[in-house]
Amino acid sequence: MNDAPKVGFVSLGCPKNLVDSERILTRLRAEGYLFSDDYADADLVIVNTCGFIDEAVEESLDTIGEALSENGKVIVTGCLGVRDEEILEAHPNVLAITGPHAFEEVVRDVHRHLPAPHDPFVSLVPPQGVKLTPKHYAYVKISEGCNHRCSFCIIPQMRGDLVSRPLSEVMQEAENLVASGVRELLVVSQDTSAYGVDIKYRPDFWKGRPIASRIFELANELGKLQAWIRLHYVYPYPHVDDLIPLMAEGHILPYLDMPLQHGSEAVLKRMRRPAATEKVLERIHRWRQSCPQLTLRSTFIVGFPGETDDDFERLLDFLQQAQLDRVGCFAYSPVEGAAANAFPGQVPEELKQHRLERFMQLQAQISAEKLQRKIGSKQIVLVDEVHADHVVARSEADAPEIDGNVLINGSWDLEPGDFVEVKITTATEHDLYAEV
């Protein structure tokens with residue numbers, strides 16, 4: 001443990017601050033950090049500040065300056081941390097700033113700038129955590145809950161309103177995953193495009209910089225990691241337009257998963273969804289002009305209470321116009337507690353299944369035509385499985401488990417997680433075949 005990272009710590013202010021300091025130190029010591037009472041001997045210094053009166057503010061700022069001068073790596077926490085602009089004006093080079101009682105945030109900041117010692121013989125949990133996905137891809141949840149009140153859904157009743165995770169916490173998790181060998185990060189939440197709404201897009205510190213807690217800024221930071229970044233469950237809000245240039249430039253994958261649910265405004269209103277199908281079509285058209293390689297996936301519901309033959313035809317017309325790349329569809333099924341259960345005009349099961357079949361036949365035709373156009377193109381694919389006589393991989397247009405695959409015949413010296421360039425030779429309704 002002689003090589004364990006060392007942390008210097010200065011605790012200012014009242015006994016309550018001292019207790020906070022003790023909690024932080026206890027957590028760090030449990031993780032294997034050592035402590036130093038000498039600035040020069042420490043790898044990093046934490047200053048727990050006081051901001052109650054002017055003299056305390058002055059003492060805190062002076063202490064931060066002294067630590068920066070003697071050590072250079074300083075994390076600031078405590079009461080003065082709520083006045084981050086004042087701290088940054090005096091000391092713009094501090095690594096991170098948090099307010100009082102921010103135990104988890106302080107430890108997170110320490111991890112980011114001075115990773116915890118990891119002994120595979122002692123540590124029970126790897127830095128990236130325990131994962132249930134294959135080693136080369138992972139899901140990153142950026143928020144919990146949802147602010148929508150869709151009449152067919154009970155997610156808000158189960159999980160509450162939207163609660164966004166701190167941006168730096170998301171980034172630290174993503175960075176740990178990539179460092180562990182993950183090659184694709186799939187960003188998920190109930191409403192990914194609403195990230196940060198609940199905290200008014202409040203800035204969070206990452207790599208010593210304040211960054212707004214908003215989906216564009218988060219996607220931009222994730223795009224700096226050496227991995228594919230794939231966005232799921234993105235509502236077509238106007239600010240999603242800002243993400244398209246990131247995709248066109250190859251910063252994140254040109255892929256959007258949008259749960260549109262229907263193409264009839266009358267049904268969308270009963271679903272309590274944004275009823276603006278024409279605007280959605282206009283937006284999709286603009287996106288594809290800016291990013292021709294964009295892949296759009298969505299899910300729909302047929303047989304929703306009150307859905308007429310005209311509503312269903314409007315849905316098919318929308319599908320034809322939108323020309324979505326990947327589509328899933330479900331026949332409406334009542335969920336206990338959902339408002340739609342009490343709606344009039346329940347659709348008979350036989351009619352639901354008939355509409356579902358017609359929907360999927362049309363989409364299968366659209367998908368097949370779009371995949372046929374890829375024959376002859378070169379694609380970078382990510383290997384998922386390697387078998388004796390073939391390889392299963394995915395292109396940028398394919399999310400794991402829900403989209404298609406790129407199948408490569410033959411025996412190849414590849415491993416899951418490898419990227420390889422292939423040429424598309426054949427296409428079916430769902431999958432592509434290729435040669436290396």
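Okay, let's start with a helix pair: the axes of α4 (residues 103–113) and α6 (residues 167–179) come within 10 Å of each other and cross at roughly 40°. Those axes are lines fitted to C-alpha atoms, for helices over the stretch in contact, with angles running from 0 to 180 degrees between N-to-C directions. That angle makes α4 oblique to α6; under 35 degrees would be roughly parallel, over 145 roughly antiparallel, 65 to 115 roughly perpendicular, and the rest is oblique. As for handedness, α4 and α6 cross left-handed, meaning the near helix is turned anticlockwise from the far one by less than a right angle.

Who does the touching? On α4 you've got R108, H111 and R112, and on α6 there's S168, E169 and Q172, where contact is heavy atoms within 4.5 Å. Sort those residues and you get no nonpolar, 3 polar and 3 charged. For that sorting, Asp, Glu, Lys and Arg are charged, Ala, Val, Leu, Ile, Met, Phe, Trp, Tyr, Cys and Pro are nonpolar, and the others, Gly among them, are polar.

Quick caveats before I go on. This is a predicted model, with local features needing pLDDT of at least 70 and side-chain atom pairs pLDDT 80 or more, while totals for chains, interfaces and linings use all residues. Residues are numbered from 1 along each chain as its sequence is written, and side-chain values use heavy atoms, with hydrogens and water left out.

Zooming out, the protein has 12 helices and 20 strands, which are DSSP runs numbered from the N terminus: H or I of at least four residues for helices, E of at least two for strands. The C-alpha atoms fill a box of roughly 75 × 55 × 40 Å along the principal axes. Of the 436 residues, 51% are buried, as in under 20% relative accessible area with a 1.4 Å probe, protein chains only. And of the contacts with a separation of 6 or more, 71% are between residues 24 or more positions apart.

M258 sits in β13 (residues 255–261) and counts as buried because its relative accessibility is 0%. Beyond four places in sequence, M258 touches V234, P236, I284, W287, L296, R297, S298 and T299. Its C-alpha is also 9.6 Å from that of D191, 67 residues away along the chain.

T299, from that contact list, belongs to β14 (residues 295–302). T299 is at 18% relative accessibility, so it counts as buried too. Skipping neighbours within four places, T299 contacts M258, P259, L260, Q261, G328 and F330.

Notes: Buried means under 20% relative accessible area, exposed over 50%, partly exposed in between (1.4 Å probe, protein chains only).
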